[in-house]
Amino acid sequence: MPPKAANSRAPTMKDRSSRAPIARGPGSQASTRRGANSTPLVGCSIPLPELRGITLKQLRCVLDKTKTRSKGERWLDTNGRIIDMASINLYHIVERLVRPETCKQRVSYVELIAKDAQRPLWFVSHWWGAPHIDFVACLAQHASDRGLSEQDPYWICAYANNQWEIDCEISDDLSQCSFTRALRITKGTVSLIDRGAVCYTRIWCCFEVWASLLPLPDRPSGYFYDLYTEDGEVIAGITDGFAAVDLKEGKINAPFEKATRENRFPEKLAYKALSLNLEEAKASIEKDRTMILEVMSQTAYGGCEMANDMLRGRVAAAMWRQALVQRLPLCDFSDALQRSRLQSLSLLLTRCSQMDDEAAKMLAHGLPRTLESLNLNLYGCSSLSCVGISDLGASLQRLLWQLRDVRLDLGTCSQLQDSGLSCLLAGLGPPLAVAIPEGIAPAAAATTPPEPEVSTVERSDSGLPRSESSGSWTVATSRRRRGPKEPEA
């Protein structure tokens, strides 16, 4: 969100009385409104700002109108140069399209173009200075990945807020401002990361990230948080869980599809997220910054640090394979993952030759203590030996009391010996260890894990030792939680 415009002000009684009478009430029918010159304007009244979503179809119309008006009116920048379409952002559009078109009625842009209330499915967090053509392209890709239609609304502040009564839309009580109200009724937030990641330095964007990652009162659980960006060559996104596009080839292929899609996310922007500090964000109006930081620092909601950890961890998980392939320092990713508070983690490292024992050690260190579900595909990781697998087994043993589902694929890991698998399965607990083929004697686990609901260990070779076989190991277990671990005597 941008700072309040210099020419914005609290509406006076004269402003309010000059507005043409229009139909009131949420979900009102389309109405014809007449201004001072009696020119009919199509639209409707939507008193609740959180119900002023805008669809992709409507956004494309805004782009078309922007292209026509910017050429016809010769939009110029502060240096007197013509602004090309690729550089036009929301600052330009609000000042030169939204405000002029809504000035007679003094309403939000959505109220001008909608026929009824448009309850948004997703909240959009972004920096106004990003090219709007990239902005719409990112949302189109997000909608495609998530299986949304052109008619499914997004909540975008520039179009949802009444730019003539901005002080009424954004009150000093953040719990009642239009942003928070929209965050309460949407199913998730999509953060659009501009090429310079300026959004991570703006206090309102950081507040939206904070409010999206931490539980808000009156908001249902299971809220999604996605990140999308456009770097000039490709549009890439990191989604919270599997997107609809990942599931097109079935659930069994979903981890592969998700990893392939997310590996396109630009490395430089991932590093920006790893170094995010919400509390360091700036604001054009210092009062806004002070007000927001006061709210975000409240420990009742987890504080800034929890939101920082959650965002860094999600990016670290999505970028783990890319970090391996590009030989990036894994310590940053491991530390971010460990502090992430993630409950579910799925990593596809199929045929990743860089996944060696040192990388496995860093991954073992990074597994968060909050983890309940782990899907780790190490198929064809030829550099991985018993040393790395043993580290993973030891880490899993520390997580036994909260792990419910574990799925590991160690197929065709040529350096893997049965002794390494023995350590791994021992880490998963005695109930799983008894299913190991004859000849392997795992050490007894020091702690009794929760009782397994389903435990399977499959081996596709002929019973030969790992060094003499090209077979594949697959381990899957599902556990029933018993509750918190009893304190040690």
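In what order do the five strands of the open sheet stand? Read on through the close-ups to find out. The model shown here is predicted, so local features need pLDDT of at least 70 and side-chain atom pairs count only at pLDDT 80 or more, while totals for chains, interfaces and linings use all residues. Residues are numbered from 1 along each chain as its sequence is written, and side-chain values use heavy atoms, with hydrogens and water left out.

**Figure 1. The chain as a whole has 19 helices and twelve strands.** Helices (H or I, at least four residues) and strands (E, at least two) are DSSP runs, numbered from the N terminus. Of the 489 residues, 53% are buried; buried means under 20% relative accessible area, exposed means over 50%, and partly exposed lies in between (1.4 Å probe, protein chains only). Take the contacts (heavy atoms within 4.5 Å) between residues at least 6 apart in sequence: 75% of them join residues at least 24 apart.

**Figure 2. Five strands make an open sheet with the order E4-E3-E5-E6-E7.** The pairing in this sheet is mixed; two strands pair if DSSP finds at least two bridges between them. Strand E4 (154–155) and strand E7 (235–238) are at the edges with a single partner strand each, so one side of each has no neighbour in the sheet. As background, strands of a sheet pair through backbone hydrogen bonds, either parallel or antiparallel. The antiparallel sense is found between strand E6 (residues 224–230) and E7, over four bridges, where Tyr228 has Gly237 in E7 as its bridge partner.

**Figure 3. Strand E5 (residues 188–193) has six of its six residues buried.** Gly188, Val190 and Leu192 point one way from E5, and Thr189, Ser191 and Ile193 point the other way. E5 pairs in the parallel sense with strand E3 (residues 122–125) over four bridges, and Ser125 is opposite Ser191. With E6, E5 also pairs in the parallel sense, over six bridges; here Val190 has Asp226 as its bridge partner.

Figure 4. Leaving aside residues up to four places away in sequence, Met355 touches Leu324, Leu349, Ala360, Leu363, Leu378, Cys381, Ser383 and Leu384.

**Figure 5. Arg341 and Asp309 join their side chains in a salt bridge (2.9 Å, N to O).** The two are 32 residues apart: Arg341 is in the loop between helix H15 (330–338) and strand E8 (344–348), and Asp309 is in helix H13 (residues 303–318). A salt bridge is a side-chain nitrogen of Lys or Arg within 4 Å of a carboxyl oxygen of Asp or Glu, and this rule gives a count of 22. Arg341 is partly exposed at 36% relative accessible area, whereas Asp309 is buried at 3%.

**Figure 6. Arg404 and Glu372 also meet in a salt bridge (2.7 Å, N to O).** Arg404 is in the loop between helix H17 (386–398) and strand E10 (405–409), and Glu372 is in the loop between helix H16 (357–366) and strand E9 (373–377), so the pair ties together parts 32 residues apart in sequence. Arg404 is partly exposed at 36% relative accessibility, whereas Glu372 is buried at 12%.
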